[in-house]
Amino acid sequence: MTAQKQQTEQQAKRPLRADTERTVRTILEAAERVLAADPAATMEQLARAAGVARTTVHRRFATREALLDELTGWAARQFADAVGTARPDAAPPLVALYQVTTNVLRVKTDWSFAMNRAADDAHPEAARIHAEVRATCIRLFRRAQEAGVLRPDIDLDWTRRVYYALIHEAAKEGAGDGDADALATRVVDTLLHGAGGSAGLARQEGI
């Protein structure tokens with residue numbers, strides 16, 4: 001890690017004044033909007049979209065890479081908060097599953113560029129957060145299994161991966177102005193009931 005990157009990370013960890021925090025949030029939100037449309041956008045374009053001078057952006061982020069790293073970390077923290085506020089270890093499993101799904105879809109649609117970047121293990125904080133969320137998801141699915149929401153013979157790791165894939169597809173469909181609640185209902189309904197009809201199930205039982 002370079003000295004410049006270490007300095008940038010140390011600055012990012014310091015408590016921010018309220019006005020500075022607002023400015024940083026404005027920059028990050030503008031960066032997400034612009035980069036989602038044009039991943040090659042320059043710092044000048046990001047500053048213009050945020051309505052601030054380029055020097056203001058550089059005071060907080062020494063380089064474009066430093067801004068991208070903070071954007072990635074910010075999105076990962078929003079992701080963790082989205083899962084945590086759904087109380088996955090305390091709320092009834094089915095309720096928690098719906099709420100986690102809704103909250104996560106909101107983050108993934110609002111921060112699509114950063115969330116896709118956060119999936120890269122090259123960002124240590126994002127990788128740690130995603131590992132923690134993965135463990136939380138397994139705990140929630142285990143509780144759902146014990147409560148009879150999921151079949152007792154289901155492979156929980158496979159179910160988690162299918163669930164992640166459903167969320168990924170729902171987030172792509174909802175990019176922009178999708179209804180997170182409706183998309184969450186579709187995800188959970190597909191996860192729990194699949195796409196098979198009763199005729200297909202009856203035929204399978206007759207084999």
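**Reading a helix pair in a predicted model**

Read along the sequence, the chain runs α-α-α-α-α-α-α-α-α-α-α.

User: How many helices and strands does the chain have?

Analyst: Helices (H or I, at least four residues) and strands (E, at least two) are DSSP runs, numbered from the N terminus. Here the chain has 11 helices and zero strands. This is a predicted model, where local features need pLDDT of at least 70, side-chain atom pairs count only at pLDDT 80 or more, and totals for chains, interfaces and linings use all residues. Residues are numbered from 1 along each chain as its sequence is written, and side-chain values use heavy atoms, with hydrogens and water left out.

User: At what angle do the axes of α5 and α8 cross?

Analyst: Axes are lines fitted to C-alpha atoms, for helices over the stretch in contact, and angles run from 0 to 180 degrees between N-to-C directions. For α5 (residues 64-84) and α8 (residues 124-146), the axes cross at roughly 15° and come within 9 Å. Angles under 35 degrees count as roughly parallel, so α5 and α8 are roughly parallel to each other.

User: Which residues of α5 and α8 meet?

Analyst: Contact means heavy atoms within 4.5 Å. From α5, T72, G73, A76, R77, F79, A80 and V83 meet E125, A126, I129, H130, V133 and T136 in α8.

User: And what share of the chain is buried?

Analyst: Buried means under 20% relative accessible area (1.4 Å probe, protein chains only). In this chain of 207 residues, 38% are buried.

Key:
Parallel < 35°, antiparallel > 145°, perpendicular 65-115°, else oblique. Buried < 20%, exposed > 50% of the residue type's maximum accessible area, 1.4 Å probe, protein only.
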